[in-house]
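Subject: Structure for your review

Dear colleague,

Please find below the structure I promised to pass on to you. My notes on what was found follow directly after it.

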Amino acid sequence: MSRSGGLLDRLTPQERQVVRLAAAGLSNRQIGARLFLSPRTVGHHLYKAFPKLGVASRAQLGDLDLGE
């Protein structure tokens, strides 16, 4: 199992969706529109997911193998 695959297992399904879209370069507003969430809720999911993934910024998400 890859390092990030194990880490992704720690995320809730909603966090996984948000992280994948953020890694693809979408803004919180764009992610919210796709998932029917407010941009603030998207930010909250990212805030909760970053420590679980061991990243400190949105830019680092692109370095993870998200199993796509």
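**Helix 2 and its buried side**

In helix 2, the residues that count as buried are Glu15, Val18, Val19, Leu21 and Ala22. Around the helix axis they cover an arc of only 165°, which puts them on the same side of helix 2. The cover over these buried residues includes helix 3 and helix 4. After helix 2 comes glycine 25, which has a positive phi, near 100°.

Please bear in mind throughout that this is a predicted model. The mean pLDDT of the protein is 88, and 90% of the residues score at least 70.

**Overall arrangement**

The protein contains four helices and zero strands, and from the N terminus its elements follow the order α-α-α-α. Of its 68 residues, 34% count as buried. The accessible surface is about 4,300 Å², and carbon and sulfur atoms hold 52% of that area. As for contacts with a separation of 6 or more, 55% of them are between residues 24 or more positions apart.

**The nonpolar core**

The largest nonpolar core has 19 residues, and those touching the most other members are Val19, Ile31, Leu46, Leu53 and Leu61. Two or more residues of this core come from each of helix 1 (3-8), helix 2 (13-23), helix 3 (28-35) and helix 4. Helix 4 provides the largest share, five residues. Val19 also belongs to the buried residues of helix 2, and Ile31 to those of helix 3.

The buried residues of helix 3 are Ile31, Gly32 and Leu35. Seen down the axis, they fall within an arc of 100°, so they line one face of helix 3. Helix 2 and helix 4 are among the parts that cover them. On the face turned away from this buried side, helix 3 carries the exposed residues Arg29, Ala33 and Arg34.

Helix 3 is followed by phenylalanine 36, which lies in the loop between helix 3 and helix 4. The phi of phenylalanine 36 is near 60°, a positive value in a residue other than glycine. Is the side chain of this residue's position buried or exposed? Phenylalanine 36 counts as exposed, because its relative accessibility is 76% and the cut-off for exposed is over 50%.

Side chains of opposite charge can pair when their charged atoms come close. In this model the count comes to one salt bridge. Glutamate 15 and lysine 52 form this salt bridge, with their closest N and O atoms 3.0 Å apart. Glutamate 15 is in helix 2 and lysine 52 is in helix 4, so the pair ties together parts that are 37 residues apart in sequence.

Lysine 52, with a relative accessible area of 26%, is partly exposed.

**Two further positions in helix 4**

Histidine 45 has its place in helix 4. Its relative accessibility is 15%, so histidine 45 counts as buried. Which residues is histidine 45 in contact with, leaving aside its neighbours within four places in sequence? They are Gln14, Glu15, Val18 and Leu37. Glu15 and Val18 are also among the buried residues of helix 2.

Glycine 43 likewise lies in helix 4, which spans residues 39-53. With a relative accessible area of 24%, glycine 43 is partly exposed. The C-alpha atom of glycine 43 is separated by 6.6 Å from that of asparagine 28, and the two residues are 15 residues apart along the chain.

Yours sincerely

Terms used:
Residues are numbered from 1 along each chain as its sequence is written. This is a predicted model: local features need pLDDT of at least 70, side-chain atom pairs count only at pLDDT 80 or more; totals for chains, interfaces and linings use all residues. Side-chain values use heavy atoms; hydrogens and water are left out. Buried means under 20% relative accessible area, exposed over 50%, partly exposed in between (1.4 Å probe, protein chains only). A nonpolar core is a set of buried Ala, Val, Leu, Ile, Met, Phe, Trp, Tyr and Cys residues joined through side-chain atoms within 4.5 Å. A salt bridge is a side-chain nitrogen of Lys or Arg within 4 Å of a carboxyl oxygen of Asp or Glu. pLDDT is the predictor's confidence in each residue, from 0 to 100. The arc is that of the directions from the helix axis to the C-beta atoms. Contact means heavy atoms within 4.5 Å. Accessible areas come from the Shrake-Rupley method with a 1.4 Å probe; for residues, only the protein chains shown count as cover.
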